[in-house]
Amino acid sequence: MTDLLARTLDHLEQLVAFDTRNPPRAIQAEGGIFDYIRGQLPGFDVEVIDHGAGAVSLFAVRGAPTVLFNVHLDTVPDSPDWSADPHVMRRLDDRVVGLGVCDIKGAAAALIAAANAGDGDAAFLLSSDEEANDPRCIAAFLARGLSFEAVLVAEPTRCEAVLAHRGISSVLMRFAGTAGHASGKQDPAASALHQAMRWGGRALDHVESLSHARFGGLTGLRFNIGRVEGGIKANMIAPAAELRFGFRPLPSMDIDDLLQTFSEFAQPEATHFEETFRGPSLPSGDIERAEDCRLAARDIADAFDLPIGNAVDFWTEASLFSAGGYTALVYGPGDIAQAHTGDEFVMLEQLQRYADSVHRIINGDR
């Protein structure tokens, strides 16, 4: 084990011990994980900002860096699948286990270790609201208009540079019908649940029609009706229904156009159609700009000798930086298959590889 990996593991053990589960969004700016990290970055100008609702960011700068590293420190809640205390990191022969070690405190620990292994220029933006679908930290940073040639967003990508991923949109719909006995012939619009089912059929047919659309190795539109509720019992016409669905478009797809299409499928039946969350694709913008941004991100990965991986289906905050005008890519240790699982783990080989690469980028030894 190298000294760099040993120091990474020591920091990771401390980071895991801090409870940063989100929800309940109870992370504080004073004390806890942010005070620990501030104390581990001598020589950095460190700014900690509380953006409210458990959203706290730490911005640390040393020298005049051209690259920004972004890592989120919040985790999902633990589950009954954990076999031991999730906030006590366990060291095994080839991996470590603990809540957040893969998603994505391992990257934060490696950045701290790499920064202290040299005196190169470096900039870190650490946030605590990524798991909340309410990106206050990144929005506040983007509003500052600071200049960086590239932003490397840490998520579990098996230490491969990911240049493209899907966007995401979540929608709430409501339908209204008229209560009555279900024995007679019904007006097509009488049942709110029937309206919802008819809408679902139209939506699924449209998704199937887009199955051959492609961008950067990704194919088709990902779509899911996640929840339908309403009605009273089998022999009563449903007077109300609520439906929640989500979709994940390709970077070449326009979210507003898709929303308009899904909304039109429900007219005139739906009484409420509301987008509750949106995350842009990576890269963001129309298809021409998206391709230009993807190529610029590839050049950054090549310059830092980072292996380039495939586009991915999961969403990251790298797309927010891309939409804000930055060249952004996703790069971090671990496998997304381990994120959000019981007994979450990250392989030591992955932490070593990530720590070595960020050490090269920060301290110029590449």
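This is a predicted model: local features need pLDDT of at least 70, side-chain atom pairs count only at pLDDT 80 or more; totals for chains, interfaces and linings use all residues.

I looked up the axes of helix 1 (residues 3–17) and helix 2 (residues 32–39): they come within 9 Å and cross at roughly 160°. Angles over 145 degrees count as roughly antiparallel, so I put helix 1 and helix 2 down as roughly antiparallel to each other. I noted the handedness of their crossing too, and it is right-handed.

Next, which residues of helix 1 and helix 2 meet? From helix 1 I got His11, Gln14 and Leu15, and across from them Ile33, Tyr36 and Ile37 in helix 2. Sorted by class, this contact has 4 nonpolar residues, 2 polar ones and no charged ones.

Stayed on helix 1 for its length. Its 15 residues reach 22 Å from first C-alpha to last, close to the 21 Å expected at 1.5 Å a residue.

Then burial in helix 1. My list of buried residues reads Leu4, Leu5, Thr8, Leu9, His11, Leu12, Leu15 and Val16.

Last entry, serine 263. I found it in helix 6 (residues 255–265). Buried or exposed? Serine 263 has 16% relative accessibility, so I count it as buried. From serine 263 to alanine 113 I have 150 residues in sequence and 50 Å in space, C-alpha to C-alpha.

How values were computed:
Residues are numbered from 1 along each chain as its sequence is written. Side-chain values use heavy atoms; hydrogens and water are left out. Axes are lines fitted to C-alpha atoms, for helices over the stretch in contact, and angles run from 0 to 180 degrees between N-to-C directions. Helices (H or I, at least four residues) and strands (E, at least two) are DSSP runs, numbered from the N terminus. Angles under 35 degrees count as roughly parallel, over 145 as roughly antiparallel, 65 to 115 as roughly perpendicular and the rest as oblique. A crossing is left-handed if the near helix is turned anticlockwise from the far one by less than a right angle, and right-handed if clockwise. Contact means heavy atoms within 4.5 Å. Ala, Val, Leu, Ile, Met, Phe, Trp, Tyr, Cys and Pro count as nonpolar, Asp, Glu, Lys and Arg as charged, and the others, Gly among them, as polar. The expected span of a helix is 1.5 Å times one less than its number of residues. Buried means under 20% relative accessible area, exposed over 50%, partly exposed in between (1.4 Å probe, protein chains only).
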